[in-house]
Amino acid sequence: MFLSTCRPKLKLVHFPPLKHVHGGASHPHPPPPPPLSLPSLPPRPSLSQIKQAHARIIVLSGHHAAAAVANKNRLMGRLLLHLSLASPPPPPPPPTTHLRYPLSLYRSIEPPSVFASNNAIRCLARSHLPLGSVSVYASMLRRRVGPNEHTFTFVLQACGKGVGLLEGRQVHAHAVKLCFCWDLYVRNALIHLYCACSEMGAARRLFDELPGCRDVVTWNSMVAGFARDGQIDVAEQLFDEMPKRDVISWTALISGYIQNGQLERGLECFMEMRECGLMPNEAILVTVLSASAQLGLLEHGRFIHSVVNSLNLPITVSLGTALVDMYAKCGSIELSRLVFDEMPRKNIWSWNAMICGLASHGLGKEALTLFEVFLSEGLQPASVTFVGVLNACSRSGLVREGRQYYKLMTENYGIEPEMEHYGCMVDLLGRAGHFYEAIDLIENMKVSADPVLWATLLGACKVHGLVELGEKIGSRLVNLDPAHEGHYVQLSNIYAKASKWADVIRVRRLMAERNANKVAGWSLIEAQGRVHRFVAGDRQHELSSEIYRMLEIIEARITEAGYSPDVSSVLHDIGEEEKENAIKVHSERLAIAFGLLVAKDSDCIRIVKNLRVCADCHEVTKVISQVFGREIVVRDGSRFHHFKDGTCSCLDYW
């Protein structure tokens, strides 16, 4: 009652009755036209079916009787309702083409009802240009159609989807003037709008304004908004205060943790949600699979896959692609390929995930074979597809194929090379010793070269022992990116390999003078239902004493097998013995020692490291795999290393 009294009164215009003359006789009450019915339509009709129904209405309605026109307009409004509920046709047409028809349909209604206007707004809100809804809203006001609470809900949702803050504020002002801001659904739409536009202050004021006018949707919008804005602590506090939670509430918080880099906390929160007995939706499953992939935690990923199977959820394209990516990034390329082959439907991103996964594991020829199957299926490769293809060539030293596919990408498919493509080609050419071709490629790029490209070439100089070229590239690199510690380490390693110790000291001093940033290294391993994190020299673990005893056993057995330490990567100003002690407690060695302690003899030990493995740890892990007869998979900041029987899948080039 209160809302209705606040609404503006519309002036009604009365027209005199029409006189119909037929054969000289007046008929003040002509017979009404036969009632029209909307042709039978399915619940979600296609655009073609809607147009057929539209044509039939026009044919049956006639154009001479006012009652028939009103009848026709009512049916046109229902057609707009069908349009607003219909799914966008795949593939989506150009936005202007898709919007032209509902707009023309709406304009043909005279006068339009608020029902028809709302459906036109909702139709455009679901389109690729949602802010077109604001134009329809303005049009209905010009045509003296009074909005209702549904009008504001739909148009505010459109402003949120289109991130139209200015338009949304104007509609908000109208809602205040017309006293619709007391409506729960309008308030929810307003809060969603401000959250979508990262105006969390405005959203919080609306939220706090009427504590009694909230439901679970209100709370969910606030949790998701603060999480998306990076204020995860506020989101967590609101989540804890919620009187009632649903799966969307948990999804918002878990996604917030993961988007803000708190991957492990996000996975823990997913476990808590499952303990509450809630059934996860596809969106949250894809999100937590992504977190498992980023962390390389295979057991977490397997658990999520088991949840999918236990709930008998269909393997959709999105879910299947997430599983393929997770298994590949967690070191189980066999399971990744199994899921890929069993997917009932695939899209280009499914193929990309599998091609890139094979490439990252050094299975270059398998990746290229899969790419040829991809092309034979008539699919169009994207930029990221060629990142996987060129990476596969790089990891397997396939120079001729790499040049061929680079040419195919640029000339046949017209894809402009990006930094990732250049990086793959520089790595490929540097690995094969084609240094000057790589330098020519870098210097002729259409964009400024990323320091990573020069760092890639510097690493190749170290492998091939090119001191002079390495010195030139290294000097350029430390000037381009003086704060990156890794560049100084690479250059120093080149000098150390050539026994140029004075230059090693000079580079070390330069690094100290420039306060180069040192990234703390860590290694993760899953065991006993937990994630265990180690840093160099770590003694915080509850099994620390046992781990260090195992390190002593490892050291004794690999020394017997002929191992001698390589301390060239240690840039501290300390003696040789201290350097040897420093590398013995690198984070990956602690993780491997822990794995040998707790894993079954037949189990593969899987380690995730945030930085590249140093040369000495790489050699040690090869020897451990032989001496202890264990398969060890290490995912470092560069690639996967599969250690088995004293060899590594990277062929000692990484």
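User: In strand 5, which residue is the bridge partner of Leu524?
Analyst: The model is predicted: local features need pLDDT of at least 70, side-chain atom pairs count only at pLDDT 80 or more, and totals for chains, interfaces and linings use all residues. Numbering starts from 1 along each chain as its sequence is written, and side-chain values use heavy atoms, with hydrogens and water left out. Strand 3 (residues 522-527) pairs with strand 5 in the antiparallel sense over two bridges, where pairing requires that DSSP finds at least two bridges between the strands. The partner of Leu524 in strand 5 is Val608.

User: How many of the five residues of strand 5 are buried?
Analyst: Buried denotes under 20% relative accessible area, exposed over 50%, and partly exposed the range in between (1.4 Å probe, protein chains only). Strand 5 (residues 605-609) is mostly covered, and the number of its residues that are buried is four.

User: Which strands stand at the edges of the sheet?
Analyst: The open sheet consists of six strands in the order 4-3-5-6-7-8, with mixed pairing. Each edge strand has a single partner strand, so one of its sides is left without a neighbour in the sheet; these are strand 4 (530-535) and strand 8 (647-648).

User: In strand 7, which residue is the bridge partner of Val633?
Analyst: Strand 6 and strand 7 (residues 640-644) run antiparallel and are joined by four bridges. The partner of Val633 in strand 7 is His642.

User: At what angle do helix 21 and helix 23 pack?
Analyst: Axes are lines fitted to C-alpha atoms, for helices over the stretch in contact, and angles run from 0 to 180 degrees between N-to-C directions. Helix 21 (residues 383-396) and helix 23 (residues 419-431) have axes 9 Å apart and an angle between them of about 10°.

User: How many residues of the contact of helix 21 with helix 23 are charged?
Analyst: Contact means heavy atoms within 4.5 Å; among the residues that meet are Phe386 and Arg395 in helix 21, and Glu420 and Leu428 in helix 23. Nonpolar covers Ala, Val, Leu, Ile, Met, Phe, Trp, Tyr, Cys and Pro, charged covers Asp, Glu, Lys and Arg, and polar covers the others, Gly among them. The contact has seven nonpolar and four polar residues, and the number of charged ones is four.

User: How far apart in space are Gly388 and Ala359, C-alpha to C-alpha?
Analyst: Gly388 lies in helix 21 and is buried, because its relative accessible area is 1%. Leaving aside neighbours within four places in sequence, Gly388 contacts Ile355, Cys356 and Ala359. Gly388 and Ala359 are 29 residues apart in sequence, while their C-alpha separation in space is 6.2 Å.

User: Is Arg144 buried or exposed?
Analyst: Arg144 is found in the loop between helix 6 (132-142) and helix 7 (149-161). Its phi is near 60°, a positive value in a residue other than glycine. Because its relative accessible area is 61%, Arg144 is exposed.
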